[in-house]
Amino acid sequence: MSSDQTRNVVKKIIREIGQECATQGQTVSETLVAFMVKAVALDPRNDLKVDQILTKEDMQNIIQLCVTRLLDTTNPSLSTIKMQVYFDTNYANRAELLSEQHRVLEARLAPVVRDITDSCPHLQEEMENVYRKIVTYVLLASGLGSPTDIGVVREVAAALQSVFPQREIITFTSLAKKNKEQQLKTLAMLVTGIRLYNKECRKGGSSIDDLPAILNEAIPSATRTIDEGLNNCHILAHRYTALLESMQEDQHRHTQLSSFKLKEALFNVRQYEAFLCILLSDAITSAQEVEKMHVQFATTMERLKNTVENKVSVDASEVFPLFVALSNLWTGFQDEMLLLKFLANMTNNLQQFSEIQSQLFPEELLTSLLEGLTVKSDEERLRETMGTRVNVSDFENQEWLFPETTDNFDRLLIQYHGFCAHAIGVKGLTLPGNPAIGILKHKEKCYVFSSREAAYIFAQDPDKFIQLNVEKAKEYAELIQLLELCHQFEYFVPYAQAGAPDKCLMKPIVKCDSSSQTDTHILPPTIVTSYEWNEWEMRRKAIKLANLRRKLTHAMQTDLSNMRRQNCTQVYLPKDVSTQTKRDNSSNVPRPQIFLEGLRGRSSPTTHMVKVNLTRAVDET
């Protein structure tokens, strides 16, 4: 089966799963369905041979399993997968979010910019129309006020008039398109800086919100919301961990709690905690940026006041850079407002995926289950193991890293999101690892452990326990992202090519385009310029060398020529000159006039003819 046919079959399967879920009253996205198909195929409990050809019966089995898991709204594993899909498809870091926001703003302003730059006004009315469009662009680009507010429009027009009078429209229209766009951006920043200065001086800017004050209140509020969510996650994670440990220690407790999906609930809480930590880190970064920009804004405003203070006219080269700086800082405040709204929306939307905790484990139920158990927090577990450390001499072929012997110890990339590498596969628990015990470096990867005993057991056969962790991730698909194992599950193993094509649906072999480049000449060039392949050329050089053997070179030097520099003179060579002339001449000769008399005869028998030449002489003409 070709790659296109296989792709169409997969799309058909995803579409059938989505339709079946919609029939049951559950709307699911294609991304979630695709992730669930992969999770079902990886789960060893489903006994699907992913390394063999998948028959139509197997495909129907996959569809049924996926539909069953997608409709099981009481399973925390489904909520965790939904949470991961939502975060992957909606989260963006600061740079990506701001870049996208600026791109959207430019796209919205593009029609206005194009209308301004493409216009060529000639009449006074047309110039006024273009100027009004520039006022609209400046207002929209700054984001300070509504273009439907007459007071705001007049304020922007007055500020623009001070830096760009209407008479300069003719000069503006004569510029190139790129220069026009650049000048529009500069005008927008200058007008924004002027309006901010007027607001500071209480001479305008009433429609401009005090963004620094709003941010100073909103950021701590958002941080507190995230902190509260993290605290709840920590409490639930500690309780679930205590219950799971009691199940492994007491068979009676295991029988009592086996019906509860404690592991799935623990993974859900840990994933929610990881996402909240990312959002909290972004909120802290935003708070630091706001504090820095607030200081810069106040400093720039003070410099501007000192420059403009009670002066009738000010040099543009002094105040224009300050206006532009104010505009850029205010744009930074607007960006932070956008980031803060994004973080608040992400926090609120993630909360829905953790609501299943209160449904499955109400507070009364958890309290009754925890009777007689000691709940340890992550901090308490770290303190208990702080004094223990691995003895390096007990391991000959293992490399252990410690804070005092390793540079940038805190920046090491720890596997499994910092959880104990032994507890995941053996106990199915996400216990925090303690780097102070020692970090095991195995095959260029670093692993931490929750106790000294766990570190010793894992170090005896690391590959075995790493494979156990992979198998545990196959059983609980949400661990693939939680433990950062996506690099090990990038694709399915290609199906074996066997059997009848009409009964089997084969997965295409993964292909990729690759290229490599090498240096044209790796070694230094060894070209012999004196080499000749033509024997006639070699013969000519041999004759030339033979003639040179019989030549002598003489040189002499006199006292007058010693230590004298060489002089040279250049003259213009004589040029060949030629001249050609043409002379027109003419001459006129007299016309001959000769008369003969007596040709008709007379009475006498003899004829006498007389010839008379009346032709004039040449010199008379």
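Tutor: Helices (H or I, at least four residues) and strands (E, at least two) are DSSP runs, numbered from the N terminus. This is a predicted model, in which local features need pLDDT of at least 70, side-chain atom pairs count only at pLDDT 80 or more, and totals for chains, interfaces and linings use all residues. Residues are numbered from 1 along each chain as its sequence is written, and side-chain values use heavy atoms, with hydrogens and water left out.

Student: In which strand is Leu 596 found?

Tutor: The strand in question covers residues 594-597. Leu 596 therefore belongs to a DSSP run of E, namely strand β6.

Student: Is Leu 596 buried, partly exposed or exposed?

Tutor: Buried means under 20% relative accessible area, exposed over 50%, and partly exposed in between (1.4 Å probe, protein chains only). Because its relative accessibility is 45%, Leu 596 counts as partly exposed.

Student: Is Gln 415 buried or exposed?

Tutor: Gln 415 lies in the loop between β2 (399-401) and α17 (421-427). Its relative accessible area is 13%, so Gln 415 is buried.

Student: Which residues does Gln 415 touch, not counting residues up to four places away in sequence?

Tutor: Contact means heavy atoms within 4.5 Å. With those sequence neighbours left out, Gln 415 touches Lys 445, Cys 446 and Tyr 447.

Student: In β4, which residue is the bridge partner of Lys 441?

Tutor: Two strands pair if DSSP finds at least two bridges between them. Strands β3 (residues 439-442) and β4 (residues 445-447) pair in the antiparallel sense over 3 bridges. In β4, the partner of Lys 441 is Cys 446.
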